[in-house]
Amino acid sequence: MGQGTQALRLARAGHSVTGLESDLRMLAAARQALGVEPEGIRERVRLIEGDGRETGVHFLPGSFDVVLCHGVLMYVQEPDGLLAGLARVLAPGGLLSLLVRNADALAMRPARAGDFGAAHAAFDTVTYTNRLGLTVRADRLESLTATLAGIAAPLHAWYGVRVFTDDVGNDEALPAPQDLERIIAAEDRAGRTEPYRRVAALLHLCGVRN
């Protein structure tokens, strides 16, 4: 769950949300952020200290209509067990939403930055150094498609994320509203369109539980 940014957005939109986080600092930040929300939002959020690879410890099968796993798989060396556990807690027809680094596009970021040595190296690996300086892993669409089929939550739809804007720094100021609207519209269209979505920095996969 991290510091709870997505969890709070969902709660504000009216959803009941359970957040699972093993890092005590992140959990404390999420609790602090939740503490200043109105009571109606606070009562819709449950925060649990725990590891996503041990969902069976915390939840019964079929407990949730939607499970979000965004920006997590890159930190898990062997993700199949985690994904199987997430699928297990989905109700029939429930949605498993994954946001992962695209292993088939790892050369794009260094190439755009002019580092062609790193771009050449990226063709032959599924690991990369993220903006925190950590060596983490990426996933391939074909491999995750097979995994989702094997855990009874086959791929329903997938999208590219950050096709054009992956090189924008986290601290850069937002453009003017009209320009931002154009950027988002272009990203949205590219993320749904071949061949652009294939070279997106991230992939958003949606599996549906049988």
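**Entry 1**

In which loop is the place of Pro 195? I looked it up: Pro 195 sits in the loop between helix H9 (177-191) and E8. A reminder to myself before going on: this is a predicted model.

**Entry 2: positive phi**

Next I looked at backbone angles. Most residues other than glycine have a negative phi. Ala 152 isn't a glycine, yet its phi is positive, near 65°. Where is the place of Ala 152? I found Ala 152 in the loop between helix H8 (141-150) and strand E7 (155-161). Ala 152 counts as partly exposed, because its relative accessibility is 24%, and the cut-offs for that class are 20% and 50%.

Then I noted Arg 162, which isn't a glycine either and has a positive phi of about 65°. Arg 162 belongs to the loop between E7 and H9. With a relative accessible area of 28%, Arg 162 is partly exposed too.

**Entry 3: strands side by side**

Now the strands. In which sense do strand E3 and strand E4 pair, parallel or antiparallel? The answer is parallel: E3 (residues 64-70) and E4 (residues 90-101) share six bridges. Getting from E3 to E4, the chain passes through helix H5 (residues 80-88), and this β-α-β crossover is right-handed. To see the pairing at residue level, I checked Val 67, which stands opposite Leu 96 in E4.

E4 also pairs with strand E8 (residues 202-208), this time in the antiparallel sense and over seven bridges. Here I wrote down Leu 95, whose bridge partner in E8 is Val 208.

**Entry 4: rings**

How many aromatic pairs does the count come to? Two, by the rule used here. I took a look at Phe 59 and Phe 64, which form an aromatic pair with 5.0 Å centre to centre and 80° between the planes. Why does that pair count as edge-to-face? Because the planes are 80° apart, and over 60 degrees is the cut-off.

Are Phe 59 and Phe 64 buried or exposed? Phe 59 is buried, at 8% relative accessible area. Phe 64 is buried as well, at 18%. I call them buried because the cut-off is under 20%.

One ring has a charge over it: Arg 101 lies over the face of Tyr 128, 5.1 Å from the ring centre.

**Entry 5: a pocket**

I then went looking for empty space. Rolling a probe the size of a water molecule over the atoms shows where such space is left. The second largest pocket has a volume of about 220 Å³. Which residues line the second largest pocket? Among them are Arg 101 and Tyr 128, and I remembered that Arg 101 lies over the face of Tyr 128. The lining also includes Leu 106, Arg 109, Pro 110, Thr 125 and Thr 129. Helix H6 (108-112), helix H7 (116-122) and strand E5 (127-129) each give at least two residues to this lining.

I zoomed in on Thr 125, in the loop between H7 and E5. Thr 125 is partly exposed, at 23% relative accessible area. Thr 125 and Leu 106 are 19 residues apart in sequence, and 8.4 Å apart in space from C-alpha to C-alpha.

Thr 129 is in strand E5. I put Thr 129 down as exposed because its relative accessibility is 51%, and exposed means over 50%. I also checked Thr 129 against Asn 170: they are 41 residues apart in sequence and 16 Å apart in space, C-alpha to C-alpha.

**Entry 6: two more distances**

Leu 132 is in the loop between E5 and strand E6 (135-137). Is Leu 132 buried or exposed? Exposed, with a relative accessible area of 65%. Leu 132 and Pro 154 are 22 residues apart in sequence, and their C-alpha atoms are 32 Å apart.

Glu 142 counts as partly exposed, at 49% relative accessibility. Glu 142 and Glu 37 are 105 residues apart along the chain, with 41 Å between their C-alpha atoms.

Methods: Residues numbered from 1 in each chain as written. Predicted model: local features only at pLDDT ≥ 70, side-chain atom pairs only at ≥ 80, totals over all residues. Heavy atoms only, no water. Pairing = 2+ DSSP bridges. Helix = DSSP H or I, 4+ residues; strand = E, 2+ residues; numbered from the N terminus. Right-handed = clockwise from strand over helix to strand, strands pointing away. Phe/Tyr/Trp six-rings, centres within 6.5 Å; stacked < 30°, edge-to-face > 60°. Buried < 20%, exposed > 50% of the residue type's maximum accessible area, 1.4 Å probe, protein only. Lys NZ or Arg CZ within 6 Å of the ring centre and 35° of its normal. 1 Å grid on protein atoms, 1.4 Å probe; cavity = no way out; pocket = protein on both sides within 12 Å on 5 of 7 lines; lining within 4 Å. Points joined across faces, edges and corners; volume = space filled by probe spheres on them.
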